[in-house]
Amino acid sequence: MTKEEKLVVINSLTEQLNAYPHFYITNIEALNAEQTATLRRKCFESDVKLIVVKNTLLAKALEKAEKADADLVKVLEGSTSIMFAHTGKTPAVVIKDFRKSCDKPVLKAAYVEGCVYVGDNQLDTLCNIKSREELIGDIVALLQSPAKNVISALQANAGQKIAGIVKTLEERN
């Protein structure tokens, strides 16, 4: 590979690292062609982009994208593939689902919601992580709950009681 070709790959990886807010570094070594095709199909169906990369080129792209955490660079050994996603937990769910039939892919590290998760033991944590939109929805639901209770109380029998209290106060004057 010439220096120009390497530069093109690094620039492409950097663009993808900046375009996708979440990425997983995995090892899919030892998967046969059929298993790899199945994994790629599952990734495509889940809107996850899977590519195989060279460790040195990925390290340079991480540095260029300013995401070169020491823990991320440390896991770049052996065969490496990277999964890009717009939703943080989607690749973890794909990996966990695929592992029902095979022991790969192995999670090396993940960059989700600005945090770095290192090691395959983090897979369950990543599967249960909520996206920013889900958290905002939960907060809005919690904030709406007391207001809904007050409104429903006013619309029920309590509304008649309040009307009675207002009428009594008017008669006093």
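Predicted model: local features only at pLDDT ≥ 70, side-chain atom pairs only at ≥ 80, totals over all residues.
Residues are numbered from 1 along each chain as its sequence is written, and side-chain values use heavy atoms, with hydrogens and water left out.

**View 1. The chain and its elements.** The chain has eight helices and five strands, where helices (H or I, at least four residues) and strands (E, at least two) are DSSP runs numbered from the N terminus. From the N terminus on, these elements follow the order α-β-α-β-α-α-β-α-β-β-α-α-α. Of the 173 residues in the chain, 35% are buried; buried means under 20% relative accessible area, exposed over 50%, and partly exposed in between, with a 1.4 Å probe and protein chains only.

**View 2. Threonine 26 and its surroundings.** Threonine 26 belongs to strand β1 (residues 22-27), and it counts as buried because its relative accessibility is 0%. Its side chain is joined to that of serine 81 by a polar contact of 2.6 Å, a polar contact being a pair of N or O atoms within 3.5 Å, of which, within protein, one must be able to donate a hydrogen and the other to accept it, while residues adjacent in sequence count only if both atoms are side-chain atoms. Leaving aside residues up to four places away in sequence, threonine 26 touches Ser79, Thr80, Ser81, Met83, Ile95, Pro105, Val106, Leu107 and Lys108, where contact means heavy atoms within 4.5 Å.

**View 3. The nonpolar cores.** A nonpolar core is a set of buried Ala, Val, Leu, Ile, Met, Phe, Trp, Tyr and Cys residues joined through side-chain atoms within 4.5 Å. The largest one has 22 residues, and those with the most contacts inside it are Tyr24, Leu39, Cys43, Met83, Ala110, Val112 and Leu126. At least two residues of this core come from each of α2 (33-45), β2 (48-53), β3 (80-85), α5 (90-98), β4 (106-112) and α6 (123-127), and α5 gives the most, with four residues. Another core, of 20 residues, lies apart from it and includes Tyr20, Ala61, Leu62 and Leu76.

**View 4. Helix α5 and its partner α2.** The axes of α2 and α5 come within 10 Å and cross at roughly 145 degrees; axes are lines fitted to C-alpha atoms, for helices over the stretch in contact, and angles run from 0 to 180 degrees between N-to-C directions. In their contact, α2 contributes Gln35, Thr38, Leu39, Lys42 and Cys43, while α5 contributes Val94, Asp97 and Phe98. The buried residues of α5 are Thr90, Pro91, Ala92, Val94, Ile95 and Phe98, and they pack against β1, α2, β2, β3 and α6.

View 5. Most residues other than glycine have a negative phi, and most peptide bonds are trans. The peptide bond from lysine 104 to proline 105 is cis, with omega near -5 degrees, and proline 105 is found in the loop between α5 and β4. Alanine 30, in the loop between β1 and α2, has a positive phi near 80 degrees and counts as exposed because its relative accessibility is 69%. Glutamate 113 also has a positive phi, near 55 degrees, and is partly exposed, with a relative accessible area of 38%.
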